[in-house]
Amino acid sequence: MTSPRIDAPLPGPPTDPTTPGDDPRARRLLQRRRWAGRLRVRSVSGVWRQPSVVVALSLLALWVLAALLAPLVAPYDPVTQSAQIYASPSSQHWFGTDELGRDVFSRVIHGARLSLPVAVAIVAVALAIGTLLGLLAGYIGRAVDEIVMRITDLFFAFPQIILAMAVAAAFGPSTRNAVIALIIVSWPTYARVIRSSVLSVRGSDYLASSRLLGVGPVQALRRDVVPNSVGPAVVLATLELGNAVLMLSALSFLGLGPRPPAPEWGAMIAAGSRDLSMWWVSAFPGLAILTVVLAFNILGDALRDRLDPRYARGLS
Amino acid sequence: MRGRTGRPLRSRLFHAPLARLLLRRLATTVVLLFGVTVLTFTLIQLVPGDSMTASLSETALNDPSVVAAYRAKWGLDEPLITQYAIYVGNLLQGDLGVSRQTSRSVLGDLMTYVPATLEIAIPAMVLSVVLGTGIGLYAALRHGRRGDHVVRVGSLLGLSTPPFWLALVALYVFFYLLGVAPSGGRLSSWITPPPRVTGMITVDALLAGEWMIWWDAVQHLVLPVAVLTCLTVAALVRFVRSAMLEVLDQDYVRAARAKGLPTFTVVRRHVLRAGLVPVITVSGLAFASLLSGTVLVEQIFSWPGVGQYAFRAASGLDLPAVLGVSLFVAVVYTLVNLMVDLLYGVIDPRIRLS
């Protein structure tokens, strides 16, 4: 029993040859869904015009440029020591020099070259692990779901930085081990988020209808489950990029990050904390962390307002 | 003894939804804590090289009798599963190993440092919950207007600031520039601490009737508590705000407003009651941010608490102490979450009866 209005042809995209079955109504149903998906994607584009997002993106662009062009932009070598220790900010040393006479400006710029790729690496690997396990847990369900969720429970029993500290201390201080530690503590968040978005799709009518139309589990996963998890994953990954920068700096503040003389922002703050009168040694690396993390957080928030249905109603 | 319904009181209590909730949550908590020990045990097994070299100091490693005693105590020659059993057995007896740096038992160390941390954590937690709820509610009521934007920006700033840097900035401004705060520590150097009863100087000073000492201790508390509060409030405000917005959107709130009740009455009677339930859940989360905060902040304020102990253990690669602190924090955090869950059950009948 269908009303003629619903049966009326929809102005959708051209027919997809992979559409299962020859039934024109089945084809139309799937088209309509894809069309709806396209509408949603279009609405995301408005995000880039918000003033706060423009500021955040420009900040990030600036930092990415700084990271890429560090050797050209930085006036001095980040690790070369000089006799001019604790020089206050001047035209020669914009951000002053530290306890070993190294130029703070050059070290802050080179710090971006260290922190940004590390943050991207952490998020990429944790996202991959979390997505895989989250998809398996949510889609297969039962025992797999139970096992994965109970494992994530263990990780959530610790505040993140405490567990990261324990892992990094056990493996020994180095950039590689800090990255491993931060991946280990952050994948469960992704797994949880992906799983819950999979579950919300799994119970939906349109997944049931596509199964009735003969769509196999692999295709359903690729076509219905994964695209619906992309939104939450993108939001989380953006926020986690900032979190990764923050946690890396915390680990190296604890002496568990990249080894000296690497220009890591957290370690620079730790070095500057020994003498308050030399404020510039820790002030500028701190501002660097603040601006990078803030930019990621603003971006993540704006994306969430658009992509997360709970926030889309304007509740956020 | 019989209760009103005629059934024996004991069985009535057992069947009471709250008691069932308590038992269920207690059981899951115990299982979770065992899982946590599996996690830390795995971590010890993954230590590159030998966990023994990471746990004993240089001098101890050169002493064959100490090494032999260590191997025997942790059962290092036994199969893994026995080693785990021995590990858990030692933990259950409160044996977290011996710190490489202080050469004392990690649990003993923790117990000497816990009161100092409690002294800043308790006021910070109370202030955070009160301020977080208040500010979050304010932002929700001013939704989309200037006050709301200011709160949003402020909380984003707080979430994006490295805690140790915020502590440093606070110390620079209020100690170095303005000279209104002490440089750190729990008491001024010329003051002898009051006799140790609770280990919390403010409490001990009151018990001893020493008002001068109390006032000095309070002055030393202000900055660390303020920094921890800022960080925790920033995290809390976002949750409170969206929880309150959700409540404000409900039909019964709209109805209460429509019949002309003053905002204050609507908030007190309808919004706060419903909105506080999620706030309680989130305070568990706020507690996590507070615990992490102490580890990153105490060192800056030379505050001799668990956080500073963790900082020194981490930077000195003192593995037994680091793992001891992490386990301790995990246990405390898990117990706090258990209490939050139970409180939630007390307040929200839906949870109790489900």
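Of which hand is the crossing of helix 11 of chain A and helix 12 of chain A, left-handed or right-handed? In this predicted model, the two helices cross in a left-handed sense. Helix 11 of chain A spans residues 265-272 and helix 12 of chain A spans residues 280-307, and their axes come within 8 Å and cross at roughly 150°. Because angles over 145 degrees count as roughly antiparallel, helix 11 of chain A and helix 12 of chain A are roughly antiparallel to each other. On the side of helix 11, the contact is made by W265(A), G266(A), M268(A), I269(A) and G272(A), which meet V281(A), S282(A), P285(A), G286(A), A288(A), I289(A) and V292(A) of helix 12. By class, this contact of helix 11 with helix 12 of chain A comprises eight nonpolar and four polar residues, with no charged residues.

Helix 11 of chain A also contributes to an open site, the second largest pocket, where it provides the largest share of the lining with four residues. The volume of the second largest pocket is about 600 Å³, and of the 31 residues that line this pocket, F253(A), A267(A), A270(A), A271(A) and R274(A) are the closest to its centre. At least two lining residues each are supplied by helix 5, helix 10 and helix 11 of chain A and by helix 14 (306-315) of chain B. The lining of the second largest pocket is divided into 18 nonpolar, six polar and seven charged residues.

The largest cavity, with a volume of about 50 Å³, is lined by I122(A), V123(A), L182(A), S186(A), Y190(A), E240(A), N243(A), A244(A) and M247(A). Two or more of the lining residues of the largest cavity come from each of helix 5 (104-140), helix 8 (175-202) and helix 10 (217-253) of chain A, and helix 10 of chain A gives the most, with four residues. Six residues of the lining of the largest cavity are nonpolar, two are polar and one is charged.

The second largest cavity holds about 40 Å³ of space, and its lining is formed by P182(B), G184(B), G185(B), Q219(B), H220(B), L223(B), P224(B), F301(B) and W303(B). In the lining of the second largest cavity, five residues are nonpolar and four are polar, and no charged residues are present.

Notes. Residues numbered from 1 in each chain as written. Chains lettered and ligands numbered in written order. Predicted model: local features only at pLDDT ≥ 70, side-chain atom pairs only at ≥ 80, totals over all residues. Heavy atoms only, no water. Axes fitted to C-alpha atoms, helices over the stretch in contact; angles between N-to-C directions. Parallel < 35°, antiparallel > 145°, perpendicular 65-115°, else oblique. Left-handed = near helix turned anticlockwise from the far one by under 90°. Contact = heavy atoms within 4.5 Å. Nonpolar A, V, L, I, M, F, W, Y, C, P; charged D, E, K, R; others polar. 1 Å grid on protein atoms, 1.4 Å probe; cavity = no way out; pocket = protein on both sides within 12 Å on 5 of 7 lines; lining within 4 Å. Points joined across faces, edges and corners; volume = space filled by probe spheres on them.
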